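Subject: Handover of a protein structure

Dear colleague,

Please find below the structure that I am passing on to you. My notes on what was found in it follow.

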Amino acid sequence: MNQTHLKPVSKTKPDYRLILANLERRIMDGVDEEKTKKILSSDEVWKRLDQELMMKWASLCQMAGCVDSGKMVYSEMHRLHPDFAPAWERHLEMMDILGKSADVMKLLEMAKRSVPSEVHAAWTRRFSHNRPVFNERDLDKAAKPFEEMRTRERLADRFMDLFSGRQDCFARQWADKASGRSGYVPVRQPMRHADLEAHFKGFETCGIYLLHQDGRVKLGVIDADLKASVREPSVLRKTMAAVKKESIWMASRIMEISTGAGLRPCVEFSGGKGYHFWYFFEESVPAGQAKAAIARIADQMKNDLEFFQLEVFPKQDHLSGQGFGNLVKLPLGIHRKTGKRSYFCECPDRDVDNQLAWLMK
């Protein structure tokens, strides 16, 4: 008799970063506030987290107004990791903001045994004062996380206004590194701030469908990819210097031709195998008109490039009625196949916040 050996079912480890991201979305969107506070107040999750994520949990508690829960998280960190100075400092800052002078002094005394003497001396100078009530500095300090949140929302609004595709759906990228395959799956709902934040943080990678349902677009793209013959590692190593030289010339030349046509592209390293040149329109225009204008620029370059090939999006003049039309990956996300983050080449600082701030120009 044949015996069937069943493999034990492996328990998938929860994605705690995704849990934290979802909680942050709830707080930012003001969704189910009581339920969010209840989750944050439970120790079923945060006691399983590492130092970095426990710090994040405590910060979310503070943002959601769950001060007692935040104190519990910090206290547990002090017990498990007494020499982890950032947890002591954040705990001190929270008590200081709340005007809890007695708790501040108690924490300073407890931390004295665990942190370097020079660090403790600096904290003593910073936090040893009596303030029975809030003053203006305290209120500014307490409001800082929310001001940063509002600033981020303004930057996200600007990003979504520029990179505006079809409004009723977007796409998420997937990749199988083992097989070298990647693609996109449609998400049949409007993109939210929370989706965009997950994109910026690398939890997921999003793309947009360029054509609106009425056959118009608010942006177009020249996609400059390395030719397939150059992508082989052995070939690329030998031609790297020449590829780099051509990429610089290509960007300069496309910018020159575009300026002559009254257009000004935004240049992005795609995180994959090339560059995107984004063209924005103040108002939506027929897709065919946008395609023709951008194609005239690309056509002047095609025969002069040895290592790169140019492709223009949108490719279609209108939707065929099947599918969603052309799709392009949004900037500032992680390319799921290469693991590299895309960035705007004209902004010298690769940090996402600074890249977003640069877009305000």
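Strands β4 and β7 run antiparallel and are joined by six bridges; two strands are said to pair if DSSP finds at least two bridges between them. Helices (H or I, at least four residues) and strands (E, at least two) are DSSP runs, numbered from the N terminus. The model is a predicted one, in which local features need pLDDT of at least 70 and side-chain atom pairs count only at pLDDT 80 or more, whereas totals for chains, interfaces and linings use all residues. Residues are numbered from 1 along each chain as its sequence is written, and side-chain values use heavy atoms, with hydrogens and water left out.

Of the 11 residues of β4, 10 are buried, so the strand is mostly covered; buried means under 20% relative accessible area, exposed over 50% and partly exposed in between, with a 1.4 Å probe and protein chains only.

These strands belong to an open sheet of five, in the order β7-β4-β6-β5-β9, with antiparallel pairing. Its edge strands, each pairing on one side only, are β7 (308-313) and β9 (343-344). Strand β5 (residues 266-269) is linked to β9 by two bridges, and the two run antiparallel. The bridge partner of Phe269 in β9 is Tyr343.

Helix α11 (residues 233-260) touches β4 (216-226), β5, β6 (274-286) and β7, and its direction makes about 20 degrees with that of β6. Helix α12 (residues 287-299) touches β4, β6 and β7, and its direction makes about 145 degrees with that of β6. Contact here means heavy atoms within 4.5 Å. Axes are lines fitted to C-alpha atoms, for helices over the stretch in contact, and angles run from 0 to 180 degrees between N-to-C directions.

**The four-stranded sheet**

A further open sheet has four strands in the order β2-β1-β3-β8, with antiparallel pairing. The edge strands are β2 (181-187) and β8, each of which pairs on one side only. On average, neighbouring strands of this sheet are turned by 35 degrees against each other, direction ignored.

Strand β3 (residues 206-209) has Cys206 and Ile208 pointing one way and Gly207 and Tyr209 the other way, and all are buried. Strand β1 (residues 170-176) and β3 run antiparallel and are joined by two bridges. Ala171 stands opposite Gly207 in β3, while the bridge partner of Arg172 in β3 is Cys206. With strand β8 (residues 327-329), β3 pairs in the antiparallel sense over three bridges; Ile208 stands opposite Val328 in β8.

**A pair of helices**

Two packed helices are described by the angle between their axes and the distance between the axes. Helix α4 (residues 51-64) and helix α6 (residues 85-97) pack at an angle of about 10 degrees, with their axes 11 Å apart. That makes α4 roughly parallel to α6; angles under 35 degrees count as roughly parallel, over 145 as roughly antiparallel, 65 to 115 as roughly perpendicular and the rest as oblique. Met55, Ser59 and Gln62 of α4 make the contact with Pro86, Ala87, Arg90, Met94 and Ile97 of α6.

**Cysteines**

A disulfide is taken to be a pair of cysteine sulfur atoms within 2.5 Å, and by this rule the count comes to zero. For Cys266, the closest cysteine sulfur is in Cys345, at 8.5 Å, which is too far for a bond. Cys266 counts as buried because its relative accessibility is 7%, and Cys169 counts as buried at 3%.

**The chain as a whole**

The protein chain has 13 helices and nine strands. Of its 361 residues, 42% are buried. Among contacts between residues at least 6 apart in sequence, 66% join residues at least 24 apart. The accessible surface comes to about 20,200 Å², of which 51% belongs to carbon and sulfur atoms. Accessible areas come from the Shrake-Rupley method with a 1.4 Å probe, and for residues only the protein chains shown count as cover.

With kind regards
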